[in-house]
Every structure is written in C-alpha cells, then in structure tokens.
Amino acid sequence: MGKLIPSTCLDDQHWSLQWEHYLKRAAPFNPASLLEITCIVPIPNQPGVLIFTAEKIYHSEDNGLTVLRQFSAAHCFPHYQLICTSLKPLNCFRSYKTPWLCPYFALFPLEDIRRTMWINPLKIAKLHKQHDRYYAELIAGPLLALPILRRSFLLHAEFACYGLALMRRELFHFSIKGASPLDYLPLPDTYFSRLLSKRPRLAFFSQRLGEFSRRYNKAYFLHHYQQLEEEPYEIDWPLW
C-alpha cells in the first residue's frame, strides 16, 4: 500500500468517517452464514461490533466474545471457555488472552476479551508504524489501528498460530504428515506470515499428540456433568 493515512484506519477507541462507511455496508450478523472471519472490531462509544470476512461485513450489537459463542454454536465448533480450560495446564498461553480456535482458523484478542479486537493471524498482510503507533494491514479487510506494540502483537499472533496448529494436528494428523506446527498452518505468501514462520514457538510442538484432545474432552465432560447435576431444566438440549 502507499502512504498510510490514519483517517482511513479503523480505531476501536475513536469514531471516524470510516466507521460510518463500513456500518452502511454491514449486514445483520447471522452466524450460520459466515465461514472464515478476518477480524472482529468493537465500535467506539457504543455497543456492538463489526465482523469482517473476505466477502462481506456484518454488524452485531453484541460484543466480540458473544459473537464468537454464537458462531461456535452455529458451526458446532469447540466452546471457547473449554479451550481456555484445556490450554491453561499446557502453559502455552496467557489465560486472559487465549485465542479462539476452530479447526480451520484462529482469532486472537489484543486486550481484555470483554471488549477487544479479535484478529485472524493468517489474514494479516503487514504491520505499519506511523508516529509511534502500529497499524495492521489485512488481506481483504480494513486497516486497523493497534492498541499494543509490535512485539506484543507478534507474540499474540504466534501463540494463536501455535494453538491452531495444535488443534489441526489432533484432527488431521492422518491426512497431514507434519512434524512441526508450521506443517499444519496454511500460511499465505505475505510479509507477516514470513515473520511468523521464524517465530520460535512454531519451530516444534512441546505437547504430545493427543494431549490437547484429552484435556478438552475432560473439560467438556466436567462442564456438562456440572450442568446436568445443578441445572438440568435450564440446559439447551439441542446444543448438547
């Protein structure tokens, strides 16, 4: 891209004409109609988020975490809180910034998950810096003003990619013959992906095959057992 113009960026802390432009184009959020998400960005000074995909923009009045719960339920993807529970003993992630994972892509939060951007690490083309602030240029997505520094951003993206590779190895090790996390990541040909490919966490797996699945299955069983024991009449049975 050419010279970076801050007024063309989306900043979740400051309203701009870009917000107005994207909101006019946004369709109501329908979790069943989405496939891969590029990013989720909170709207400044009001509730709700914009959800970007390669094809379309969606709007929801809920926060990003609620949107991801709805999306997971619609596609029968793993429950985010159970992923957090499963990954915590593996010492791979900071508990309050655990990425959202499914077998096909990941999204990592930049700040407190109750109100933050969620970004797909494999949809980042490049980082830019201007006036001591960093910006993320996305593939087929908006230019985002980042609330954190480059080092932290790279670290979050690295851990999200590791989590995605860990899950994909559990599910696809029969069809993908890989030895390292990079073997399980469909990295695009971008400058940012080349940076990620050199990150130390993605050089090797520090967990044995099957360890994540066993922990997730245990967390899933205990979660539903507790619900069944304490609130049997409040269970949403179609989601079981």
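This is a predicted model: local features need pLDDT of at least 70, side-chain atom pairs count only at pLDDT 80 or more; totals for chains, interfaces and linings use all residues.
The side chain of Arg133 meets that of Asp11 in a salt bridge, with an N to O distance of 3.1 Å. Because Asp11 belongs to the segment before H1 while Arg133 belongs to strand E9 (residues 133–138), the pair ties together parts that are 122 residues apart in sequence. Asp11, for its part, is buried, with a relative accessible area of 10%.

In helix H1, Glu20 and Lys24 lie four residues apart, about one turn of the helix, and their closest N and O atoms are 3.6 Å apart; Glu20 is partly exposed at 35% relative accessible area, whereas Lys24 counts as exposed at 67%. In helix H6 (residues 211–230), Glu211 and Arg215 are likewise four residues apart, and they form a salt bridge whose closest N and O atoms are 3.9 Å apart. Here Glu211 is buried, with a relative accessible area of 16%, and Arg215 is partly exposed, with 34%.

Helix H1 (residues 17–25) also has a buried side, made up of Gln18, Trp19 and Tyr22. These residues lie on the same side of H1 because they cover an arc of only 100 degrees around the axis. They pack against strand E2 (37–42), strand E3 (49–53) and strand E4 (57–60), while Leu17 and Lys24, on the other side of H1, are exposed.

In soluble globular proteins, nonpolar side chains tend to be buried together. The largest nonpolar core of this model holds 48 residues, of which Ile119, Leu144, Leu146 and Phe153 touch the most other members. Helix H4 supplies the largest share of this core, ten residues. A second, separate core has 21 residues, including Val67, Phe77, Cys84 and Leu107. Returning to Leu144, its contacts beyond four places in sequence include Leu10, Cys39, Val41, Met117 and Ile119, and Tyr134 and Tyr135 are also among them.

Helix H4 (residues 150–172) is also the place of Arg169. Arg169 is buried yet has no salt bridge, since the nearest side chain of opposite charge, that of Glu170, is 4.4 Å away, and a salt bridge requires the nitrogen and oxygen atoms to be within 4 Å. A polar atom of the Arg169 side chain does, however, lie 3.4 Å from the backbone oxygen of Arg208. Beyond its neighbours within four places in sequence, Arg169 is in contact with Tyr184, Phe205, Gln207, Arg208 and Leu209.

Key. Residues are numbered from 1 along each chain as its sequence is written. Side-chain values use heavy atoms; hydrogens and water are left out. Helices (H or I, at least four residues) and strands (E, at least two) are DSSP runs, numbered from the N terminus. Buried means under 20% relative accessible area, exposed over 50%, partly exposed in between (1.4 Å probe, protein chains only). Lys and Arg count as positive and Asp and Glu as negative; His and the chain ends are not counted. A polar contact is a pair of N or O atoms within 3.5 Å; within protein, one must be able to donate a hydrogen and the other to accept it, and residues adjacent in sequence count only if both atoms are side-chain atoms. Contact means heavy atoms within 4.5 Å. A nonpolar core is a set of buried Ala, Val, Leu, Ile, Met, Phe, Trp, Tyr and Cys residues joined through side-chain atoms within 4.5 Å. The arc is that of the directions from the helix axis to the C-beta atoms.
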